[in-house]
Amino acid sequence: MIKMKIVARPALSVMILALLAITAGCSGKEATAPKKDKLIVVTSIFPVADIIRNVGGKRIEVIALVQPGQSPHTYEPLPREMELMSRADVFATVGFGLEFWADKMLANAQNPKLIKLVYADYVKPVGSADEHEGKYNPHIWLSPKIAMVMAEKTRDALSRAMPAAAPEFAANCEAYTKELKRLDAWTISRLSKLKNRKFVSFHSAWDYLSRDYGIVQAGSIEEFPGKEPTPEKLARLVEETRKLRVKTIFAEPQFNPKVAETLANEAGVSVATLDPMGDPNTPDRNTYIKLMEYNIKSLEKALK
């Protein structure tokens, strides 16, 4: 019996290895999943989505659940939006009760790899449980100083989700923070010159802006958005507006302005608009920075 020693040729070895690689690629469980080009980031509202977009850049796809014209206080998730959570990489929420529906979405997502970012965890709160769904006022994004913190925490969360892109997220965050610092300085220069610093808002969305920039939100029309004030509440507001010599009452685009107009007529003051939410389809409010510039100019014009 003759024994034969088989020596594979180098070229043949390469071909065999290539075939094995192709076979492994088609074999289901043994195959390595392809690397994702983009992270899916889900958040609640447009201004927060824009902050995230500036930090994430081309590495992310960010989706805001609350559509233009809607309010997060009255939003209800649709089935397709619930399903989206099962595919998301990061879920970024404001917190402090703004997204009262978030726990339900997370419970149904069944996505153990989902990274959760709650911006309110990094903010000193204001407000009370009487005026909001949660324990504190959730409108933190309406202060440019807090927006800088939100950008940093976004950078950290995205870096956890995609470590290979961490240097890119850091560079984006640094560049965007410079823009936010310019917005902060511009806001100080505009609001610090006002002699009349008191106003009445549609609801108490402006507590953080007031705290950080020295203006006074003297009252609000609705204790909670969507809950119209009683005649007794309106009468008290008229009296307080006259007593405090408030010159302007602000309505919001997301809600019917008739109540604000009625109060203004009774108190003999003017009506203007502040927009806490923005709109990607409105040129002067289609980024977070433009939105805040719009609001600061509106405050300055009305209080001047």
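**Entry 1: α8 and α9**

I looked up the packing of helix α8, residues 231-243, against helix α9, residues 258-267, in this predicted model. Their axes come within 9 Å of each other and cross at roughly 50°. I therefore recorded α8 and α9 as oblique to each other. The crossing in which α8 passes α9 is right-handed.

I then listed the residues in contact. On the α8 side I noted L234, L237, V238, T241 and R242, and these meet V259, L263, E266 and A267 of α9. Sorted by class, the contact of α8 with α9 holds 6 nonpolar residues, 1 polar residue and 2 charged residues.

**Entry 2: α6 and α10**

I turned next to helix α6, residues 166-191, and helix α10, residues 288-303. I read a crossing angle of roughly 5°, with the axes coming within 10 Å.

From α6, the contact draws on Y176, E179, L180, L183, W186, T187, R190 and L191. From α10, I found Y288, I289, M292, E293, I296, K297, L299 and E300. The class count for α6 with α10 came to 10 nonpolar, 1 polar and 5 charged residues.

**Entry 3: α2 and α6**

I also examined helix α2, residues 46-56, against α6. The axes of α2 and α6 come within 7 Å and cross at roughly 125°. These two helices are therefore oblique to each other.

In this contact α2 supplies D50, I51, N54, V55 and G56, while α6 supplies F169, N172, C173 and Y176. I counted the contact of α2 with α6 by class as 5 nonpolar, 3 polar and 1 charged. I noted that Y176 of α6 is listed both in this contact and in the contact with α10.

**Entry 4: the loop between β2 and α3**

I located S71 in the loop that runs between β2, residues 60-64, and α3, residues 79-84.

**Entry 5: positive phi values**

For F96, phi is near 55°, a positive value in a residue other than glycine. F96 sits in the loop between β3, residues 90-93, and α4, residues 102-109. I recorded F96 as buried, with a relative accessible area of 17%.

For Q110, phi is near 50°, which is again positive in a residue other than glycine. I placed Q110 in the loop between α4 and β4, the latter spanning residues 115-118. At 72% relative accessibility, Q110 counts as exposed. My note on this pair is that F96 is buried, whereas Q110 is exposed.

Terms used:
Residues are numbered from 1 along each chain as its sequence is written. This is a predicted model: local features need pLDDT of at least 70, side-chain atom pairs count only at pLDDT 80 or more; totals for chains, interfaces and linings use all residues. Side-chain values use heavy atoms; hydrogens and water are left out. Axes are lines fitted to C-alpha atoms, for helices over the stretch in contact, and angles run from 0 to 180 degrees between N-to-C directions. Helices (H or I, at least four residues) and strands (E, at least two) are DSSP runs, numbered from the N terminus. Angles under 35 degrees count as roughly parallel, over 145 as roughly antiparallel, 65 to 115 as roughly perpendicular and the rest as oblique. A crossing is left-handed if the near helix is turned anticlockwise from the far one by less than a right angle, and right-handed if clockwise. Contact means heavy atoms within 4.5 Å. Ala, Val, Leu, Ile, Met, Phe, Trp, Tyr, Cys and Pro count as nonpolar, Asp, Glu, Lys and Arg as charged, and the others, Gly among them, as polar. Buried means under 20% relative accessible area, exposed over 50%, partly exposed in between (1.4 Å probe, protein chains only).
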